[in-house]
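Please examine the sequence and the model shown here.

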Amino acid sequence: MSRRNDPFSQNIDWLTLLLYFSCVSLGWLNVYAAVYSPEEQTSLFDMSTNSGKQLMWIGTTAILIICILVINHTFFDTFAFVFYGFMILVLILVLFAGTNINGSRSWFKFGAVSIQPAEFAKVATALALAKYLDVPGINLTKRKDLLYIVGIIVLPCILILASNETGSTLVFASFVIMLYREGLPGWIPAAGIAAAGLFILALLFPKLYIFLGIVALMLLIVLLMPRYNRSIPNLLALGVLGIGMMVYVTGVDFFVNNVLQKHQRNRIKVLVDPTIDPLGVGWNVTQAKIAIGSGRLQGKGFLEGTQTKFDFVPEQSTDFIFCTIGEEHGFIGSMVVVVLFIALISRIVILAEKQRTKFARVYGYCVAGIIFFHVMVNIGMTIGLMPVIGIPLPFFSYGGSSLWSFSILLFIFLKLDSRRTALTRR
């Protein structure tokens, strides 16, 4: 095999590889810090602890990475829809044969090992979207094409939501980033952001104030309109939009109180009012902010976090791993982690823009969007800016399904990019 075709040589983007291994290594050390007990003083390599088990997952991930890098790059393009169809079947199967963990029937349990198919469904959906958008003539401004794409995204969402895994379902919204890059009309994501903002406002303020604000907004739009646009159809359209917004605001209370489950309502209440029931539903967020705040500028030092050692923050080695980083390494350590993720996501976007095929570019943007969404929501929920929806911090949180899925997601893209690099050097 020539060096030019060797996937382990110059064709792999080494900067992305370095950022990846930095995240995984720091994640492993922080998992150890999260479960470390001064009384027992367990080893970093103790297989009875989460840090030892995470090392095992890292080892198996390395095998997966090697397999991805030695496979021909056309494999992922050719079998994209096959992967997607297989994951749909698995998501259906888990509803009937899965194990219920923390109220969610979304896990397959094999002895001491638990696998969550929803994590891998993101990879399969990204491949399917890349494959579909790579078809000549597909245009996101066409209703038929857009409906097909929505169907590809919504189908796994419905199945994951049926297993009571709301957090993993919301991650699929990250595909909007890729779709916008590929020509999705700007008003669609703008409408989604506006709906989310209006939802939060409806929870924070009396309905009358919001209605008055909507009326004032409509009048302002009319005043800013050029005179030739102030036709009766346009004014009627604005009126219908305003009424629709009011109906939407009115329906927020019904949705929260009658559609959402109790634990979901509690998460929204905590987001709106962080001081509510600090010893009950607000415990996680309150203790998370205390842990991060106590780290101040430089942190308390590795293995010196008191909030961590006394288990004040639940799920600290998984969903709330960022608390350990903030408490033990302070603002400086937290910013190092944030900068690492910014660098990784930026590098993926840069590489995606350099791709010679639409398939690779679309897939690259899917990877960047998924990682961005996870980082934004996970860190946001630990500092009280996002609802607690239970999604991991990529490469840092403890868990085999998470580490496997994110590594597979990333290294499929690096494999695709290595082909682009090899062609460039010829």
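**Cavity, pocket and core**

With 3 residues, H12 gives the most to the lining of the largest cavity; helices (H or I, at least four residues) are DSSP runs numbered from the N terminus. The model is predicted, so that local features need pLDDT of at least 70 and side-chain atom pairs count only at pLDDT 80 or more, whereas totals for chains, interfaces and linings use all residues. Residues are numbered from 1 along each chain as its sequence is written, and side-chain values use heavy atoms, with hydrogens and water left out.

Rolling a probe the size of a water molecule over the atoms shows where empty space is left. On a 1 Å grid over the protein atoms alone, a cavity is a set of points where a 1.4 Å probe fits but cannot get out, a pocket is an open set with protein on both sides within 12 Å along at least five of seven lines, and lining residues have an atom within 4 Å of a point. Grid points are joined across faces, edges and corners, and a volume is the space filled by probe spheres set on the points.

A search of the whole structure finds 1 cavity of 30 Å³ or more. The largest cavity has a volume of about 40 Å³, and its lining consists of Arg267, Val270, Leu271, Val285, Gly384, Met386, Pro387 and Val388.

The largest pocket has a volume of about 2,000 Å³. Its lining comprises 49 residues, and Leu170, Ala173, Gly192, Ala196 and Phe373 lie nearest its centre. H9 gives the most to this lining, with 11 residues. Among the other helices that each supply at least two lining residues are H6 (143-162), H11 (232-259) and H16. By class, the pocket lining has 40 nonpolar, 8 polar and 1 charged residues; Ala, Val, Leu, Ile, Met, Phe, Trp, Tyr, Cys and Pro count as nonpolar, Asp, Glu, Lys and Arg as charged, and the others, Gly among them, as polar.

A nonpolar core is a set of buried Ala, Val, Leu, Ile, Met, Phe, Trp, Tyr and Cys residues joined through side-chain atoms within 4.5 Å, where buried means under 20% relative accessible area (1.4 Å probe, protein chains only). In the largest core, of 99 residues, those touching the most other members are Phe341, Tyr363, Ile371, Phe395, Phe411 and Ile412. H16 gives the most to this core, with 15 residues. A second, separate core of 14 residues includes Phe199, Ile214, Met218 and Val256.

Contact means heavy atoms within 4.5 Å. Leaving aside neighbours within four places in sequence, Tyr363 is in contact with residues including Val123, Ala126, Ile412 and Phe413. Alanine 126 belongs to helix H5 (residues 117-133) and is buried, with a relative accessible area of 0%. Beyond four places in sequence, alanine 126 touches Phe175, Tyr363 and Cys366.

Glutamine 355 lies in the loop between helix H15 (321-354) and helix H16 (358-382). This glutamine is buried at a relative accessible area of 9%. Its side chain makes a polar contact (a pair of N or O atoms within 3.5 Å; within protein, one must be able to donate a hydrogen and the other to accept it, and residues adjacent in sequence count only if both atoms are side-chain atoms) with the side chain of aspartate 417, at 2.8 Å.

Threonine 61, in helix H2 (residues 50-70), counts as buried at 1% relative accessibility. The side chain of threonine 61 makes a polar contact with that of tryptophan 404 (3.5 Å).

Definitions and conventions. Buried < 20%, exposed > 50% of the residue type's maximum accessible area, 1.4 Å probe, protein only.
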